[in-house]
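Biologist: I have the sequence and the coordinates open. Could we go through the fold together?

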Amino acid sequence: MSKAFDEILSVRMQKAADLEARGVNPYPNDFKPDASTAEVRSAGGDKPAEDLEKLGRTFRLAGRIMSLRSMGKATFFHVKDRTGTLQVYARRDRLGEAAWEAFERFEVGDIVGVSGSLMRTRTGELTLLAQQVRILSKSLRPLPEKFHGLQDVELRFRQRYVDLIMNDWVRDLFVTRTRIVSYIRRFLDDRGFLEVETPMMHPLAGGAAARPFVTHHNALDMDLFLRIAPELYLKRLLVGGLEKVYEINRNFRNEGLSHKHNPEFTMLEFYWAYSNYEELMALTEEMLFTLFAEHLGRPTVKMGEHEISLLPPFRRLGVVESLTSVAQIPPDKAVDREFLVDWLRRREVDAQPSWGLGKLQMEAYDVGVEHQLIQPTFIMHHPTETSPLSRRNEKTPAIVDRFELVIGGREMANAFSELNDPRDQRGRFEDQMKAREAGDDEAHRIDEDFLRALEYGMPPAGGEGIGIDRLVMLAEGVDNIKEVILFPLLRPEQTE
């Protein structure tokens, strides 16, 4: 900390001590507001000054002081709460000598309780004429300078509490996030889905190709894995007869940090017995279109220079078709292993000898296709090799009945007709074990209990996961996942 900052902190500490010396508690808990700033503004409306005087109501509101303009025996200041900001006018003769002397020790950043009646200033601004101003929480640290606010990106994410105070658009973004999650819940509830909760600590990692975080349970003396996906537990519920289930869950994947990835993130995952991936595509189109068009008020969103339309139907492309039509790989070369190995190496992807044709195709898709898919696109028919939990296509067993939804160059959803043949599933798991033994640390061990559940019989079903964080990024037009997570993981703070 700088010497200047230390001096500011010292002055503020002294003012808190001065208040206590005057018998004023800087942190009381007995003031009860009866109105928000929005409700006060609504009550005042466009009423002229004379009509405001006739209201005959005293309002009690609480909030943070965002500005102070002293004029000797009177002061204008602005109070901000969760609904907005309102100007307050405090006068020495109305507050009384003792209260005014305490008020003189209030500063920008302090949280106060105010009671008073409405008036208009000479400029016509709706203002609360204070009868009482009480300190509710003394701020010992100064807020950022008001005209520039908190702009340092790293500091904003690290001190989200200050970010929320200073940047209204950040608060609005997280309100939108909550509205999106609430809407998704209603959408699925209205269609007969049951919200459930499944474990976040797993004895075996599974349900996705990702590295897990490992923890240890002392009493049982066993390692556990933080959930990388709830898939295998939700499918167990299908076995148990819960035919339409969903979970809005926290997943944890031990991966790098980037604008697209945070190790802790939120997913919607749902399963629907007696449905398939085609029906899931239709449901996804309906969910996203109604979310944006009806709930958020717009069927299109801006992402950089692009205008993205959520109007169904979305474009559909097979994986191999996308390699030819988007990445411009000749059709005969898109199924040529040696060509794909060379193509990837020229793009600085070190193709491993253990990779099969399907893995090479998906790596080529990741490098050459996904980032170019701006308008909503369902990428379908993934290689069986890279889809260990998906149902094989009846006509072409080398591919599965699966899709990924890509919008704005980012994967938004992953879904498939579920594999419910325990014999096939065991074989897929065994292939994963071979890949693990060959060095693939994202391949996982065989889950015998899940196989046992399948052996009791799981109905044919479709299942899907949608990234909530990325959906909010799309809605808000931001390109950094940390913007839509209240407290993203960051590197340790550097201290002197």
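Predicted model: local features only at pLDDT ≥ 70, side-chain atom pairs only at ≥ 80, totals over all residues.

Biologist: Which residue of strand 10 stands opposite L194?

Modeller: V245 again: L194 stands opposite this residue of strand 10. Strand 6 and strand 10 run parallel and are joined by two bridges.

Biologist: And how many bridges join strand 10 to strand 11?

Modeller: Nine, and the two strands run antiparallel. Strand 11 covers residues 264–273.

Biologist: What is the strand order of the open sheet?

Modeller: The order is 6-10-11-18-17-16-15-14, eight strands with mixed pairing. The edges are strand 6 (194–195) and strand 14 (315–318), each of which pairs on one side only.

Biologist: In which sense do strand 17 and strand 18 pair?

Modeller: They are antiparallel, with five bridges between residues 410–417 of strand 17 and residues 461–467 of strand 18. N414 has G465 of strand 18 as its bridge partner.

Biologist: Back to strand 10: how many of its residues are buried?

Modeller: Seven of the nine are buried, so strand 10 (residues 244–252) is described as mostly covered.

Biologist: Why is helix 16 described as largely enclosed?

Modeller: Helix 16 is largely enclosed by the rest of the structure because eight of its nine residues are buried. Among them are I468, D469, R470 and L471. After the helix comes G477, which has a positive phi near 70°.

Biologist: Let us turn to salt bridges. How many are there?

Modeller: The count is 33. One of them joins D168 to K80, with 2.5 Å between the closest N and O atoms. D168 belongs to helix 8 and K80 to strand 2, so this pair ties together parts that are 88 residues apart in sequence.

Biologist: Is D168 buried or partly exposed, and what about K80?

Modeller: D168 is partly exposed, at a relative accessible area of 43%. K80 is buried, at 10%.

Biologist: Which residue forms a salt bridge with E247?

Modeller: R227 does, the closest N and O atoms being 3.1 Å apart. R227 lies in the loop between strand 9 (222–226) and helix 9 (231–239), and E247 lies in strand 10, 20 residues apart. Both R227 and E247 are buried.

Biologist: Where do E231 and K235 lie?

Modeller: Both are in helix 9, four residues apart, about one turn of the helix. E231 and K235 form a salt bridge as well, with 2.8 Å between the closest N and O atoms. E231 is buried, with a relative accessible area of 5%, and K235 is buried at 0%.

Biologist: New topic, aromatics. How many aromatic pairs does the structure hold?

Modeller: There are 10 aromatic pairs. In one of them, F103 and F106 have ring centres 5.5 Å apart and planes at 75°, so the pair is edge-to-face. F103 is buried at 4% relative accessible area, and F106 is buried at 6%.

Biologist: How is the pair of F314 and F378 arranged?

Modeller: That pair is tilted, with 5.6 Å from centre to centre and 35° between the planes. F314 sits in the loop between strand 13 (306–309) and strand 14, whereas F378 is in strand 15, 64 residues apart. F314 counts as buried at 5% relative accessibility, and F378 counts as buried at 0%.

Biologist: Which residues form the aromatic cluster?

Modeller: F77, W100, F103 and F106 form one cluster.

Biologist: Which charged end sits over the ring of F187?

Modeller: That of R191, 3.6 Å from the ring centre. Likewise, the charged end of K359 sits over the ring of W355, 5.1 Å from its centre.

Biologist: Finally, the surface. Which residues form the nonpolar patch?

Modeller: Y161, L486 and F487 form the patch, with about 340 Å² of accessible area together. L486 is located in the segment after helix 16 (468–476), and is partly exposed, with a relative accessible area of 37%.

Terms used. Residues numbered from 1 in each chain as written. Heavy atoms only, no water. Patch = residues over 30% accessible without salt bridge, like charges linked within 9 Å, V, L, I, M, F, W, Y side chains within 5 Å. Areas by Shrake-Rupley, 256 points an atom, 1.4 Å probe, with all protein chains shown as cover. Salt bridge = Lys/Arg side-chain N within 4 Å of Asp/Glu carboxyl O. Buried < 20%, exposed > 50% of the residue type's maximum accessible area, 1.4 Å probe, protein only. Pairing = 2+ DSSP bridges. Phe/Tyr/Trp six-rings, centres within 6.5 Å; stacked < 30°, edge-to-face > 60°. Lys NZ or Arg CZ within 6 Å of the ring centre and 35° of its normal.
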